[in-house]
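Me: I'm new to reading structures, and I'd like to know where the words come from. Could you go through some of them with me?

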Amino acid sequence: MIFALILGFALLLIGIYGMLSQRNLIKIVISFSIADTGTHIIIVAIGYLRGRTAPILDKAIDIANATHKVVDPIPSALVLTAIVIGLAVTALMLSFIIELYKKKKSLSIDDYQELKW
Amino acid sequence: MVNPIFILILSLAAGFLLSIFEKGGRKLSLTVFYGVLSFNVFVIAEWFYRIVFLSEPALIINTAGFTAPLSINLRLGLQESFVLLFTNFTGLMAAIYLFRKFIKSHISSLILYLILIMGINGLVMTRDLFNMFVFMEIVSISTYALTILTKTRDSLTAGFKYMIAGGTASIFFLLGVVFVYYFTGNLNLDFITQSDFSHFGLISLFLLAMAVFIELKPFPANGWALDVYQSVNSGITSVIAVVNSAGIFFVFYKISPLLPVHLLHILGIAGVITFFFSNLMGLKQTNAKRLLGYSSIGQIGLLVASLSFTIHYQTSLIYLIVGGFFVNHLIAKAGLFWLTGIVEKENLKDWGVLKNNKSLLILFGVLLFALSGLPPFPGFWAKWEFIKILTQTKMFWVVGTILLGSLFEIIFLFRWFTIAVKGDIDSNEKEIPFEFSKLFPIALFSGIILLISVAIMKSYYDFTLIQLLPIIAVLGVYLLDFIPSKIKGFLSLIVVGIYGYYLYPFESNLQLFFGIIFIVGSAINIIGTLNRKNLSQGFYGFLLMMIFSFGNLIIAKTYLEFFLAWEFMTISSFVLILRGNKAQMASLMYMIFSTAGAYLMMVGFSYAPALNSNSVLINSIANVQLPVLSIILLAIGFMIKSGSFGVHIWLPEAHAEAESDVSPFISAILLKAGVFGLLMIGISYIKNTPSFDVFYFVGWFGVITALVGAFLASFQEDAKRLLAYSSMSQVGYIVASIAILSHLGWLSAMYLSFNHMMFKSALFIAIAGVYYRTHTRTMYEMGGLIKKMPLSYITVLISIIAVSGVPPLSGFGAKWLIYSSFIEKGWYFQAGVLFFSSGVSFLYLYRLIHTIFLGQLKYEHQDIKEAPIWFIIPQYIFMAGIMAISMNPNLIIQPLNSIVGHYFQSAILIDGYNITSSLGNWNGNLVMMVTMGVFIVPLLFLKLYNGKTQKVEQFNIVYAAERPESPQTTHIAHNMYAHYRKALGGWGKPRIWNFWHEATEWSHSFGDFFRHIYTGNGQTYILHIILYIVVIYIILGV
């Protein structure tokens, strides 16, 4: 599924570009989220095998031939975990932004560079 | 024996249940919290014990009822249990450190802390790559949240930067993991090998490695980490810098076997670059925690480099090198971060408060010395072995970069230390409050690092008690520090006597000669320290340490033993110098130059061929053909210690600013260690002459040192600086004579060494007595002390006669021998320069005795008395020595003749009192008789025929030709040789001083320049990370 792979990389790059170009803290976090999503799509795309079905062992698939009939379940399993982790990181970032905003009433990353050198 | 998986289960369960326990009060939840952390430590400790001492095999834990790779498996082998023991223990200690914080903070911080430690355990044990990602994220998220345990705007900003940087790295890690899966069909490290990857597949490993590497904070993609170190609560910072770093480093260790060698090498070099630049930038830091951050980043870089370059060596060596750096850095850094939380001074300048708190100061010293990689701490051994490997594989650029980086580190760490010991302190400064929970972890860690050090010395190197003696001395005297200093002094004298007696059977020839200089000379000088009144805490410990390291130097059997003793000598003398009132700058300069010299020596020894016999180094080195590079490096190292021209600028400062009873040790004895070293390489040199005549240049350096030292001495106003420069000049003569490499040359070098030890000790002690009475070292503020301090005057008179080389005293013999040896060698020009500098030395000698003892007594000195008896005794012991060898030079010439005879064909003939060389003969006894006669006959004549002399009273101005009330600066004694200085013209400028000053300025400017890449903008930091990965990718050229 080459299209999904390309889409995933495109999102990843867009996300990274956004993180580097946006000044607004929230937009940076959104960019991070986009990049993260891109990664997730890449993971799913890697596990996908053309013409196969979901890796759920039920009556539709006989167990002996299961490995030839289903897509690789591992990346799908991984991506679930990765999504959850991404969610947690994003949430934490946003809560930091709230706290930062409370302290300085600014959402621009340029206003938070007292620590340097 | 508890299955370690319960660490994960129990921590998770407790983490979830803590908020319920909290309903029962904070006491309950804290009990559970500390209970779980301690449980983890005990479980791991037991496994560690089993694996190390009962040789049990590594434990493999399968989960979910399947075997790997179907399920995730955990491994607990030697490395894992070691790292986990360390991280869990540090985690527990940091939690104890944070106890007061945890009493008040929200329960979530306890939960996060537990989950963090759980994550580290999982991270270290798991063999599954994706599982590793999960644990890494668990650790990261809990760390992010903990950065605002103390919520300030800075910690929030830093936390946010940390998050976006860590988030970016984790995206790459995730990509790497799935691509590894894509290329190998596996996620388990036990089932993946390097050969599973196609050329294109390497990209997955690259992504994986880079993500981990970014988490290890390489330069310049590490700005976020510095902000975190600077602004976050010290307890949490210690966890981030130590526990997290250890975990991530272990991940790097786990994936390193998969990485292709060239990638590993690139990462190693990136580590070295990180080490260099963080230390360079550290030079400009004034914020204590940010400084530690820079040092932390640098040390992790070094750790990565050490792993990358040694990965194919034998396991025990890797354990020593990588394990040594690991333990050393992390323990020291944890302790120091904790200290910053106690002292609560952001600016380094304010750390002078530590001097009011001795116990904190000692802990600070231990941790800081450890961090600097000085012996006996693990970093020293790791560095020694690591540099040896790098030198032997001819990676000189890497060696140079690492050592220069280390030198920068020494500079800023010791600058900090000297501030803590000597810095200014606000008079209304409050005392540092005592908090047991904060102090306990630091004390424990300092103890542990000392224990590990001793364990390495005993088990890895088989060192005996004698090599440990310098440390034992410091610790032992520390325990006895409540005893009055006079008793400690007597005890030290006895201990040195016993040590000398113990050493005696091991010594022969050259060793015995230096044994007398080092041990007997020190023992006599100890008498001078008996004048101390107060407790003098710590003084005798370091003094004994120094004397023991002198002794250990001469009985060293291997390069390492020699270098160890050398470093102990440096440490102890540094501390002794630092005790001086205004010695902050002087001791720092001494430390920097000594360390630079020590690093050169380290490379020199590393590059030298292995010794093939078991006898002492000074003998066995004769059978070794030292490479030219080794000789040059060693010679520079030894010449730095002996204060040769060009690297001498530390010498006058250190010798003058040390306490006045320490100066004789530093000036009369310590300098001879450099002489001993030069003789040592000379011994190898004469037996295996290399193609390039290094000693010809050494000789010139000696000659120039003699001349410059004499001139500089003449221009000093400060008596001790004058004596210091005089030492520089005298050692210049010695170095030059060694460089002649002939029988006569070495004979004169040793003769002068012995002579110099005696007269310079006597002079420094005499000046110590004068300073003790007059409280000034500025000579023109004194005068006419001859009547008040006649005994000191006689010492100075005899000593300067002995220095100047006029008959009849021992200096005459020295000069006779030196000129003979130079002429015999054919170094006429050098002999001429030396002759000229002998003339110059009359200037300063005259100035010394004239300005202090002759002329008019100053009004404020009307009531002073002779120097205390403890100063007089050692002076007169040395006087007796000088008179003895002046009357009968054979006392020393004969034994020296036979010692030098081991190396060269004897060039002199001794017949009774008469010594004949190819150029003529010298009869010391006859010279003495004749001179005495020349002196006594006119004296008697004058007494008999000119009996009615008129005594001139001090205020009989007509006769004294001097107005006592006039300002001292109009007196001849002030700026005495201004006309000579003028005559020297441009040559009188302090060029060398300016050179080093400029070098310092430049390196600081460079550091300042580079640190500006850390703009403080989080986005720039992400850009650094992305660019870093791209650049490494391009270098790698996959």
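Reply: Gladly! Let's begin with contact: two residues are in contact if their C-beta atoms, placed from the backbone, lie within 7 Å. By that rule, B:Gly489 touches B:Ile526, B:Thr529, B:Leu530, B:Arg532 and B:Tyr540, leaving aside residues up to four places away in sequence. A word on the source: this is a predicted model, where local features need pLDDT of at least 70 and side-chain atom pairs count only at pLDDT 80 or more, while totals for chains, interfaces and linings use all residues. Residues are numbered from 1 along each chain as its sequence is written, and chains are lettered from A and ligands numbered from 1 in the order in which they are written.

Me: What makes B:Gly489 count as buried?
Reply: A residue is buried if 20 or more other C-beta atoms lie within 10 Å of its own, exposed if 12 or fewer, and partly exposed in between. B:Gly489 has 24 such neighbours, so it counts as buried.

Me: In which helix is B:Gly489 found?
Reply: B:Gly489 belongs to helix H19 (residues 485-503) of chain B. Helices here are DSSP runs (H or I, at least four residues), numbered from the N terminus.

Me: Why is H6(B) called roughly antiparallel to H7(B)?
Reply: Angles run from 0 to 180 degrees between N-to-C directions, with axes fitted as lines to C-alpha atoms over the stretch in contact. Under 35 degrees is roughly parallel, over 145 roughly antiparallel, 65 to 115 roughly perpendicular, and the rest oblique. Helix H6 (residues 129-146) and helix H7 (residues 153-184) of chain B pack at about 175°, with axes 10 Å apart. Therefore H6(B) is roughly antiparallel to H7(B).

Me: And what makes H9(B) oblique to H12(B)?
Reply: Helix H9 (residues 223-231) and helix H12 (residues 288-310) of chain B meet at an angle of about 140°, their axes 7 Å apart. That angle makes H9(B) oblique to H12(B).

Me: How do the residues of the contact of H9(B) with H12(B) divide by class?
Reply: They divide into 6 nonpolar, 3 polar and 2 charged. Ala, Val, Leu, Ile, Met, Phe, Trp, Tyr, Cys and Pro count as nonpolar, Asp, Glu, Lys and Arg as charged, and the others, Gly among them, as polar.

Me: How many residues of chain A are in contact with chain B?
Reply: 34 residues of chain A are in contact with 36 residues of chain B. H4(A) gives the largest share of chain A's side, 15 residues.

Notes:
Helix = DSSP H or I, 4+ residues; strand = E, 2+ residues; numbered from the N terminus.
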